[in-house]
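Look at the sequence and the model first.

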Amino acid sequence: MAESQILSPGTTAPDFTLRSAPDKRLSLSELRGNPVVLAFYPADWSPVCGDQMALYNEMHEEFAEFGAQVVGISVDGVWCHAAFAKDRKLRFPLLSDFEPKGAISRAYGAYRAEDGVSERALFVLDGEGVIRWSYLSPPGVNPGADGIFKALESLSGREQPARSEAPRLSPPETRP
Amino acid sequence: MSTLTPPVGEGDHIAGPDHAPVTLVEYGDFECPYCGMAHPIVKAARRKLGDRMRFVFRHFPLKEIHPHAQRAAQAAESAGAQGKFWEMHEVIFEHQHALEDEHLVAYAAALGLDGERVARDLADETYVKRVRDDFRSGVRSGVNGTPTFFINGERYNGPWADEARFVRALEDAALVGSK
């Protein structure tokens with residue numbers, strides 16, 4: 001199976017404008033000035049994604065402390081996102097990489113062409129829109145938030161700079 | 001590899017001997033149904049391992065999806081300040097569907113604790129930070145849902161719902177840990 005090559009630290013994050021609601025669009029450039037966490041994920045409603053988004057949702061206080069904006073991106077349509085966000089009470093926007101399908105995910109190297117969905121990939125951008133940390137997770141594994149947290153800490157100068165680590169490999173999730 | 005950060009220390013709720021070769025840490029949410037399912041399995045493991053294991057519970061309330069989880073964790077801390085964290089932990093897991101403040105206070109009183117003090121601690125949000133500190137340590141440690149277990153500091157990614165396998169993983173860690 002071909003492994004995606006996601007954009008690496010030091011790369012300027014490709015700008016995009018995607019729908020965040022049936023009548024709303026969000027551009028990455030609007031978020032300049034503060035750290036941004038881009039969380040590409042395969043699909044709304046699937047158990048692992050749900051857990052992952054629920055975790056980021058719980059961390060809104062922590063993200064707020066870093067002034068960071070979290071954004072979820074998948075190929076699901078806006079109405080699907082709206083229903084999912086309402087059900088999970090999500091406090092951050094979900095963007096639809098819907099038409100042309102997966103174009104932005106591809107630009108980040110985070111598209112799984114054989115399945116037609118985004119990879120489970122994380123990017124932390126600094127206030128200038130430069131990728132400072134990125135991570136590709138196996139699709140069945142919830143990557144947690146420790147990597148994001150460390151990257152944000154390193155951006156804010158609270159701790160030593162994050163090493164550009166090779167992706168952690170953990171065995172697949174086995175939650176009942 | 002996701003590693004427990006910070007390691008088990010004085011601020012933790014620890015059951016079992018300090019010198020035990022295995023330390024099992026659970027990040028849990030009192031309202032989470034999976035944590036409720038895991039509770040008897042953890043108890044069974046504790047019985048089987050006996051003095052060879054110490055058990056630590058840290059809070060990881062997913063309060064957006066479990067509206068009572070945070071208050072239940074604070075009530076457990078309040079009971080802990082009166083010396084009965086583990087008793088309260090047990091009662092709460094046995095009553096996951098009745099976790100309003102008045103229930104929590106009543107459980108504390110039934111354990112012989114000062115229920116009014118628990119009510120006051122809940123009203124004053126006395127243990128909000130204590131619970132949040134646990135949550136943050138979980139985020140740092142790579143907790144990605146509840147329950148998440150750590151065996152001797154490393155995240156356990158195997159299936160906890162399979163009691164035999166879970167106990168075997170702990171037994172294996174006991175052998176390594178006692179070398």
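## Salt bridges across the interface

A:Glu62 and B:Arg132 are joined through their side chains by a salt bridge, with N to O at 2.6 Å. The model is a predicted one. Between chain A and chain B, seven salt bridges are found. The two chains also share 13 residue pairs in polar contact, counting pairs with both residues at pLDDT 80 or more.

Which elements of chain A supply at least two residues each to the side that touches chain B? They are α1 (47-58), α2 (60-65) and α5 (146-155). The most comes from α1(A), which gives five residues. By type, the side of chain A that touches chain B holds 13 charged, eight nonpolar and six polar residues.

## Extent of the contact

Chain A brings 27 residues to the contact, and chain B brings 29 residues. About 2300 Å² is buried between chain A and chain B. Carbon and sulfur atoms give 45% of that area.

## Fold of chain A

Chain A has five helices and nine strands. Their order along the sequence is β-β-β-α-α-β-α-β-α-β-β-β-β-α. Of the 176 residues in chain A, 54% are buried. Among contacts in chain A with a separation of 6 or more, 67% link residues 24 or more positions apart.

A:Val141 sits in the loop between β9 (131-137) and α5 of chain A. Is A:Val141 buried or exposed? Its relative accessibility is 5%, so A:Val141 counts as buried. A:Pro100 is 41 residues away from A:Val141 along the chain, and their C-alpha atoms are 27 Å apart.

## Buried charges without a salt bridge

A:Asp44 belongs to the loop between β3 (36-40) and α1 of chain A. This residue is buried but has no salt bridge. The nearest side chain of opposite charge is that of A:Arg88, 8.6 Å away. What does the side chain of A:Asp44 make a polar contact with? The partner is the side chain of A:His81, at 2.8 Å. Setting aside neighbours within four places in sequence, A:Asp44 is in contact with residues including A:Ser74, A:Asp76, A:Phe84 and A:Leu94.

A:Arg120 lies in strand β8 (residues 120-125) of chain A. A:Arg120 is buried too, and has no salt bridge. For A:Arg120, the nearest side chain of opposite charge is A:Glu119, 7.9 Å away. The side chain of A:Arg120 makes a polar contact of 2.6 Å with the side chain of A:Gln52.

## Salt bridges within the chains

Over all chains, the structure holds 23 salt bridges. A:Arg112 takes part in a salt bridge with A:Asp115, with the closest N and O atoms 3.7 Å apart. A:Arg112 also meets A:Glu119 in a salt bridge, at 3.2 Å from N to O. Both A:Arg112 and A:Glu119 are buried. A:Asp115 has 46% relative accessibility and so counts as partly exposed.

In chain B, B:Arg71 and B:Asp101 form a salt bridge, with the closest N and O atoms 2.6 Å apart. B:Arg71 is in helix α2 (residues 69-81) and B:Asp101 is in helix α4 (residues 101-110), so the pair ties together parts 30 residues apart in sequence. B:Arg71 is partly exposed, at 21% relative accessible area. B:Asp101 is partly exposed, at 28%.

One network of salt bridges with shared partners joins A:Glu61, A:Glu62, A:Glu65, B:Lys63, B:Arg132 and B:Arg136.

Key:
Residues numbered from 1 in each chain as written. Chains lettered and ligands numbered in written order. Predicted model: local features only at pLDDT ≥ 70, side-chain atom pairs only at ≥ 80, totals over all residues. Heavy atoms only, no water. Contact = heavy atoms within 4.5 Å. Buried area = accessible area lost by both parts, 1.4 Å probe. Salt bridge = Lys/Arg side-chain N within 4 Å of Asp/Glu carboxyl O. Polar contact = N/O pair within 3.5 Å; in protein donor to acceptor, adjacent residues only side chain to side chain. Helix = DSSP H or I, 4+ residues; strand = E, 2+ residues; numbered from the N terminus. Nonpolar A, V, L, I, M, F, W, Y, C, P; charged D, E, K, R; others polar. Buried < 20%, exposed > 50% of the residue type's maximum accessible area, 1.4 Å probe, protein only. Lys, Arg positive; Asp, Glu negative; His and termini not counted.
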